[in-house]
Amino acid sequence: MIVTFYKYQGSGNDFIIIDNRKGEFPKTAGKIISNLCDRRFGIGADGLILLEEDDRAHFGMVYYNSDGKTGSMCGNGGRCIVAFAKYLGIIKENTEFNAVDGLHQASINEKIVRLKMQDVKEIMEKSNCLFLNTGSPHHVQLVSNLKDFNVKEEGAKLRYGIYGESGSNINFVEQKGENKFAVRTYERGVENETLSCGTGVTAVALGMHYWGKTNGETVKLHTKGGNLSVQYSKAANGYENIWLEGPAEQVFKGTIEI
């Protein structure tokens with residue numbers, strides 16, 4: 001079959017997005033999805049997203065990692081699918097969509113997309129790191145000289161050595177100012193460093209507040225793919241009103257036979 005696809009990127013985190021409202025895409029064909037995401041033999045992407053009909057919201061989001069397996073929530077992917085929904089005329093400025101972790105509110109103003117994340121009720125503190133779930137599991141660890149840090153090697157060690165086969169995303173962080181942090185992320189499912197991770201920078205922002213590294217309720221995050229911001233409110237138990245904000249844009253459109 002011939003499939004029309006769209007390539008989107010959000011701060012360098014790139015996705016193949018397909019309009020699957022008619023339900024024609026072979027969702028259980030993991031090998032097809034991993035081939036499409038392959039950067040040498042396919043289109044190339046960190047993940048593949050299907051936009052589908054949903055009876056609870058404007059649309060549904062189904063996310064696959066680049067290994068072809070269904071993934072947990074993807075923050076940058078969520079922002080990109082909002083931009084895609086506007087492109088299709090499904091939404092205007094404000095929307096609500098359904099993802100694997102539940103309903104998400106979002107808004108779009110030109111290329112800037114704000115996405116509301118789920119509340120975070122628990123942060124686990126270990127000897128030199130934090131672990132929390134922001135829709136996806138995340139390890140957060142402060143390091144020095146982040147620019148030259150071997151993210152792929154060290155991330156893989158932690159991803160498998162501590163968290164086993166199910167794994168966790170691994171975020172390495174360096175403070176750059178009172179409310180500014182640089183972040184590099186090793187993503188499970190991609191099994192490599194990505195240029196940006198939306199749920200990852202969300203985890204970092206909350207983690208840095210939890211650790212007392214910032215007192216503000218807006219944190220600026222610099223990734224290799226661009227800049228993002230996270231706003232939140234401290235709750236009696238964890239964090240709420242969490243918003244991930246940054247650019248999302250269409251890169252190109254094409255067709256491919258699968």
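Which residue forms a salt bridge with Glu52? It's Lys27, and the closest N and O atoms are 3.2 Å apart. Before we go on: this is a predicted model.

Where do those two sit? Glu52 is in strand β3, residues 47-52, while Lys27 is in the loop between β2 (13-19) and α1 (30-37), so the pair ties together parts that are 25 residues apart in sequence. Now accessibility. Glu52 counts as buried, because its relative accessibility is 14% and the cut-off is under 20%. Lys27 is partly exposed, at 35%.

Next pair. Glu191 and Arg159 meet through their side chains in a salt bridge, 3.0 Å from N to O. Glu191 lies in the loop between β12 (180-187) and β13 (192-194), and Arg159 lies in helix α3, residues 151-161, so this pair ties together parts that are 32 residues apart in sequence. Is Arg159 buried or exposed? Buried, at 4% relative accessibility. Glu191 is partly exposed, with 24%.

A third pair. Asp46 forms a salt bridge with Arg39, and here the closest N and O atoms are 3.0 Å apart. Asp46 is buried, at 7% relative accessibility.

On to the strands. Look at β8, residues 123-125, and β9, residues 130-133. They pair in the antiparallel sense over 3 bridges. A hairpin of 4 residues joins β8 to β9. Met124 stands opposite Phe131 in β9.

Then β9 carries on to β10, residues 137-142. These two run antiparallel as well, joined by 4 bridges. Leu132 stands opposite His138 in β10. Again there is a hairpin, with 3 residues between β9 and β10. In that turn, Gly135 has a positive phi of about 105°.

Last topic: the inside. The elements giving two or more residues to the lining are β4 (59-65), α2 (75-88) and α4 (198-210). By type, the lining divides into 4 nonpolar, 10 polar and 2 charged residues.

That's my tour. Over to you.

Methods: Residues numbered from 1 in each chain as written. Predicted model: local features only at pLDDT ≥ 70, side-chain atom pairs only at ≥ 80, totals over all residues. Heavy atoms only, no water. Nonpolar A, V, L, I, M, F, W, Y, C, P; charged D, E, K, R; others polar. Pairing = 2+ DSSP bridges. Salt bridge = Lys/Arg side-chain N within 4 Å of Asp/Glu carboxyl O. Buried < 20%, exposed > 50% of the residue type's maximum accessible area, 1.4 Å probe, protein only.
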